[in-house]
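Please open the model in the viewer and keep the selection panel at hand.

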Amino acid sequence: MDLKDKIDLTRLPGHIAVIMDGNGRWAKNRGEVRVFGHRNGVEAVRQTATAAAELGIRHLTLYAFSTENWKRPKCEVDALMNLLVASLSSELGTLMDNNIRLKAIGDLCHLQKNCFAQLQETMAKTAGNTRMDLILALNYSGRWEITEAARKIAGDIEQGKITKNDVDQDLFSTYLDTSEIPDPELLIRTSGEYRISNFLLWQLAYAELCFSPKLWPDFRKDDLYEAILDYQHRERRFGMTSEQIKPLTNQ
Ligand code: IPE
Ligand code: IPE
Ligand code: MG
């Protein structure tokens with residue numbers, strides 16, 4: 001029986017978030033420069049996105065570039081941006097064939113101009129697609145997003161649009177970049193690192209975490225299926241007891 005056939009399609013996570021890590025080590029293992037790893041990571045993105053869409057996952061968020069990644073050597077940052085622009089253009093066919101709509105979260109205005117323009121173009125061309133939203137986290141960090149939300153809320157209070165007492169978790173969520181996206185139920189991080197690295201800090205509050213030892217360029221459809229199967233074996237209690245949860249999940 002294929003891994004895919006073991007997945008219970010009635011209990012899929014609606015939103016999967018992925019920290020795509022390990023490109024540099026993958027290249028180093030082959031005696032190549034880090035950029036070689038990034039380039040080979042594109043196939044893993046293609047496989048993960050198409051597998052998720054085929055299964056019926058509604059939202060897939062990929063951490064592509066963090067606000068901290070600017071600290072890398074300029075040549076690596078430039079290569080990553082160029083690869084992003086090239087891939088957004090060359091993968092348009094994959095997005096259209098699979099009915100995937102591209103979205104992005106992060107400090108997009110501060111991306112390089114050509115990068116921002118290509119992103120806007122691909123998002124516009126895929127805007128009518130309906131099977132799955134592929135959300136790229138670009139120049140993104142959770143602390144940046146939460147701080148921005150706090151600033152916008154302060155501004156709206158100052159202008160009298162809302163009052164201090166209106167601020168609760170639901171309202172706060174509407175000020176985040178992910179306001180129209182449900183929280184991820186499953187987070188996958190590759191490369192055997194066990195950390196969040198400033199990704200979706202607010203939204204991951206109750207996500208199930210799954211860590212794969214695979215380096216990102218080696219990640220394939222079966223690895224995604226394995227993570228989903230792992231997720232389906234978890235008991236999600238949300239602070240309640242196992243006994244309280246059982247009657248709910250058996251309904
Ligand atoms: C992930 O791979 C890609 C980005 C962060 C852009 P890395 O480049 O972090 O690869 P490692 O972790 O150094 O192996
Ligand atoms: C996280 O990976 C960021 C992305 C995958 C874009 P990093 O490789 O930057 O994370 P750290 O620095 O090892 O925590
Ligand atoms: Mg890394």
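Begin by selecting serine 197 together with ligand 2: a polar side-chain atom of this serine lies 2.6 Å from an oxygen atom of the ligand. This is a polar contact, meaning a pair of N or O atoms within 3.5 Å; within protein, one must be able to donate a hydrogen and the other to accept it, and residues adjacent in sequence count only if both atoms are side-chain atoms. The model is a predicted one, in which local features need pLDDT of at least 70, side-chain atom pairs count only at pLDDT 80 or more, and totals for chains, interfaces and linings use all residues. Residues are numbered from 1 along each chain as its sequence is written, chains are lettered from A and ligands numbered from 1 in the order in which they are written, and side-chain values use heavy atoms, with hydrogens and water left out.

For arginine 189, the corresponding distance to an oxygen atom of ligand 2 is 3.4 Å. The protein covers 77% of the 390 Å² of accessible area that ligand 2 has on its own (Shrake-Rupley method, 1.4 Å probe; for residues, only the protein chains shown count as cover).

Now display the shell of ligand 2, that is, residues with a heavy atom within 4 Å of it. Among them are Ile19, Tyr63, Phe65, Ser66 and Arg195. Strand 2 (residues 59-66) supplies the largest share of this shell, four residues. Helices (H or I, at least four residues) and strands (E, at least two) are DSSP runs, numbered from the N terminus.

Move to ligand 1 and select aspartate 21, which has a polar side-chain atom 2.8 Å from an oxygen atom of this ligand. Arginine 25 likewise brings a side-chain N or O atom to 2.8 Å from an oxygen atom of ligand 1. For arginine 72, the distance to an oxygen atom of ligand 1 is 2.7 Å. The protein covers 86% of the 370 Å² of accessible area that ligand 1 has on its own.

Which elements give two or more residues to the shell around ligand 1? They are helix 2 (23-29) and helix 3 (34-55). Helix 2 makes the largest contribution, three residues.

Finally, follow helix 3 from end to end. Its 22 residues should span 32 Å at 1.5 Å a residue, and its end C-alpha atoms are 32 Å apart, which agrees; the expected span is 1.5 Å times one less than the number of residues.
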